[in-house]
Amino acid sequence: MAVTKPTDRELGKPEDPDSGTLGSSSDLGRDAVRALRDHAAINRLADELLPALISRLSSSGLGEIEVREGAWKARLRKPATAEHRVRVDEHRLHGAAAVRPPAAGHRDDRDRHAPETAADEELGAIVARSPAVGVYTPRRDLVVGMRVRAGDRIGFVDVLGVQQDVLSPIDGVIGSSLAEAGEAVEYGQELVRIEVPGADGATDRPTPGQKAAAAPVAGRP
Amino acid sequence: MFNKILIANRGEIALRILRACRAMGIGAVVAYSEADRESLAPQLADEAICIGPADARRSYLSAPAVVSAAIVTGCDAIHPGYGFLSEDAGFADVVRAHGLTFIGPPAEVLEKFASKEATRRLLASHGLLTVPGSGMLRDEAHALEEAEQIGYPVLIKPSAGGGGKGMRLVRTARELEATFKVSRSEAQAGFGDDSLYLEKYLDDNRHVEIQVAVDRQGNAIHLGERDCSVQRRHQKLIEETPSPALSEAARRDLAERALRAIAEAGYENLGTLEFLIDSKGEAYFIEINCRVQVEHPITELTTGIDMVALQIRIAAGEPLGLTQADVKPQGHAIEFRILAEDPAKDFRPQAGQIGAYLAPGGPGIRVDSHVYPGYEVPTFYDSLLGKLSVWAPDRPQAIARADAALRELLVDGLTTNIELHRAILANQVFIDGKVTTNLLDRVGSAPFVAAGNR
């Protein structure tokens with residue numbers, strides 16, 4: 001949960017009658033009034049608004065609620081579930097060091113991507129996918145050839161101002177990018193290839209690193 | 001008018017909305033979950049976007065996913081269809097906060113009609129009858145007193161319950177005495193709240209609903225009624241219009257009273273007021289649906305009005321462009337919900353791949369469905385495969401056309417309720433237009449199917 005006072009720049013002028021063109025820093029009396037008003041606003045938020053918002057959020061299917069009042073806004077967000085944070089496509093890993101997300105929808109996913117999967121496997125490449133629909137930004141220092149471990153953040157997708165991490169599904173080396181920085185991406189979209197040395201089509205055995213990375217998250221069903 | 005609409009739903013209604021957008025010359029983007037990639041709407045759409053996994057909570061029910069999808073695809077409005085986020089005031093508010101239009105009633109209107117109890121009180125104050133009931137019961141003596149006033153039989157209902165859970169039917173004061181304490185402890189155990197109230201039990205009731213449309217300027221029309229009395233465990237199976245339960249005068253009177261009440265109460269956009277009609281013909285308001293209904297095609301067939309287009313135009317702020325005099329329902333229409341359910345196995349939902357598929361045709365036949373040969377029915381959502389709607393100049397001809405169409409309709413590969421529909425059509429109670437909402441549950445579906453096979 002976050003209660004923040006946005007900067008004047010973030011706020012539209014009509015919403016903030018106090019954001020006049022004159023600098024207000026020298027006007028101490030005005031600042032004091034403002035501070036008092038802010039305290040009152042915080043108290044009101046804590047006593048009245050937040051309990052109502054929390055019950056509203058938990059009874060709804062929403063993941064996040066944001067409310068603005070005057071110069072203040074409160075944003076509540078449900079914690080991301082574990083499955084949301086770690087998303088690894090089992091079938092891409094020769095079914096070896098795999099983490100299977102609990103969401104059953106991936107059954108379809110497996111069938112659908114079967115042809116690509118075979119191609120990827122021949123190349124020994126795994127793909128990091130988008131965790132959500134939004135705008136993709138890779139990590140600033142992301143370069144081809146960089147080593148990553150399973151679970152490393154390789155970028156994020158901005159969903160209405162909330163960053164959702166793009167994680168490497170596996171230990172490996174960054175390969176080619178499949179989406180540009182700033183590109184609108186859909187859920188599950190392929191973003192970055194992760195080359196896995198030694199995991200070409202012939203091997204069925206995971207490297208010890210893969211196993212270690214996957215084991216703590218979930219057992220193989 | 002909008003440039004591009006995000007369709008945030010699935011199945012047949014996503015396809016229906018896509019068709020409306022195309023007919024209106026509006027761009028459309030179909031938002032789909034991973035499990036619906038092969039469904040007809042994302043397949044036919046010029047643009048489609050995957051918003052999440054099969055789990056609806058992370059796709060069709062995720063407000064951030066839906067709104068984000070609308071923004072990144074350049075949409076200026078979101079159509080929520082029915083179910084999912086369609087009546088969620090919080091969602092409508094989020095949509096508006098992001099500068100987009102929610103196609104449905106504005107958030108304040110959804111909020112106002114969100115509570116069933118408050119809506120009943122509100123519309124009662126605008127002249128609609130509601131099912132007589134008590135306030136919260138203090139104790140047994142209070143319950144007996146209230147039940148005497150309402151008149152037996154009565155239902156004991158837990159205040160915190162829902163969907164018929166924890167309800168008890170009592171027909172006499174003695175039964176009430178015997179049941180009261182049990183109900184109270186059951187409510188405490190089941191819902192963590194032991195408050196109870198009473199409601200009059202309407203024995204052989206019919207379900208009749210009035211379709212209304214109100215624009216932002218306050219122009220209001222009704223589009224007649226739909227009779228949805230053929231139900232199984234509160235799920236509608238067959239709907240028809242006009243209702244065979246009411247005379248023409250009674251139908252017009254109910255529609256006019258419903259329209260006046262809802263317009264006075266400050267409603268906006270499409271809405272459906274549901275009523276229970278008791279054996280004496282008295283109509284009791286039960287709830288309102290603030291969205292397009294599954295069964296809207298039968299109203300379209302009799303009135304010739306495109307309801308989804310109307311809904312979109314109202315949301316865009318346009319006036320209705322119709323007066324009550326322009327609504328002239330003609331003939332009779334019946335809709336059949338084609339479900340992937342096995343009537344012989346307690347209506348268990350069926351999943352699997354559709355083999356051969358053939359939709360019927362001919363005069364007055366309409367099929368709304370997202371399936372095709374080879375389509376894999378996913379397990380994650382409801383079992384609705386599509387809707388067969390039939391129009392004819394009168395009810396007997398509509399029944400005859402419907403039977404012919406149901407015989408043509410072919411859905412191989414999984415068990416459906418097509419035969420049950422044919423059996424119901426052949427049943428004398430249906431032919432006489434006397435089906436009550438409890439009929440299928442009381443007698444079970446087996447006798448219908450058995451009689452239909454003879």
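What share of the 454 residues of chain B counts as buried?

A: Of the 454 residues of chain B, 56% are buried, that is, they have under 20% relative accessible area (1.4 Å probe, protein chains only). This is a predicted model, in which local features need pLDDT of at least 70 and side-chain atom pairs pLDDT 80 or more, while totals for chains, interfaces and linings use all residues. Residues are numbered from 1 along each chain as its sequence is written, chains are lettered from A and ligands numbered from 1 in the order in which they are written, and side-chain values use heavy atoms, without hydrogens and water.

Chain B contains 16 helices and 22 strands, taken as DSSP runs numbered from the N terminus (helices H or I, at least four residues; strands E, at least two). Its accessible surface is about 17900 Å², with 49% belonging to carbon and sulfur atoms; the area comes from the Shrake-Rupley method with a 1.4 Å probe. Among contacts in chain B with a separation of 6 or more, 66% are between residues 24 or more positions apart, a contact being heavy atoms within 4.5 Å.

The part to examine is an open sheet of 5 strands in chain B, with parallel pairing and the order β3-β2-β1-β4-β5. Its edges are β3 (47-52) and β5 (101-102) of chain B; each has a single partner strand, so one side of each lacks a neighbour in the sheet. Two strands count as paired if DSSP finds at least two bridges between them. Strand β2 (residues 27-33) of chain B runs parallel to β3(B) and is joined to it by 5 bridges. Within this pairing, A31(B) has I49(B) of β3(B) as its bridge partner. Helix α3 (residues 63-72) of chain B packs on the sheet, where it touches β1 (4-7), β3 and β4 (77-79) of chain B, and its direction makes about 150° with that of β3(B). Such angles run from 0 to 180 degrees between N-to-C directions, and axes are lines fitted to C-alpha atoms, for helices over the stretch in contact.

Another helix on these strands is α11 (residues 307-315) of chain B, which lies across β1, β4 and β5 of chain B and runs at about 145° to β4(B). Helix α1 (residues 11-24) of chain B packs against α11(B) at about 70°, the axes being 9 Å apart. At that angle α1(B) is roughly perpendicular to α11(B), a label for angles of 65 to 115 degrees. On the α1(B) side, the contact is made by R16(B), I17(B), A20(B), C21(B) and M24(B), and on the α11(B) side by M307(B), V308(B), A309(B), I312(B) and R313(B).

Antiparallel β4(A) and β11(A) are joined by 5 bridges, and A125(A) has E195(A) as its partner in β11(A). Strand β9 (residues 172-177) of chain A pairs with β11 (residues 190-195) of chain A over 3 bridges, also in the antiparallel sense, and S177(A) stands opposite V192(A). As a whole, chain A has 5 helices and 11 strands, and 39% of its 221 residues are buried.

Key:
Buried < 20%, exposed > 50% of the residue type's maximum accessible area, 1.4 Å probe, protein only. Parallel < 35°, antiparallel > 145°, perpendicular 65-115°, else oblique.
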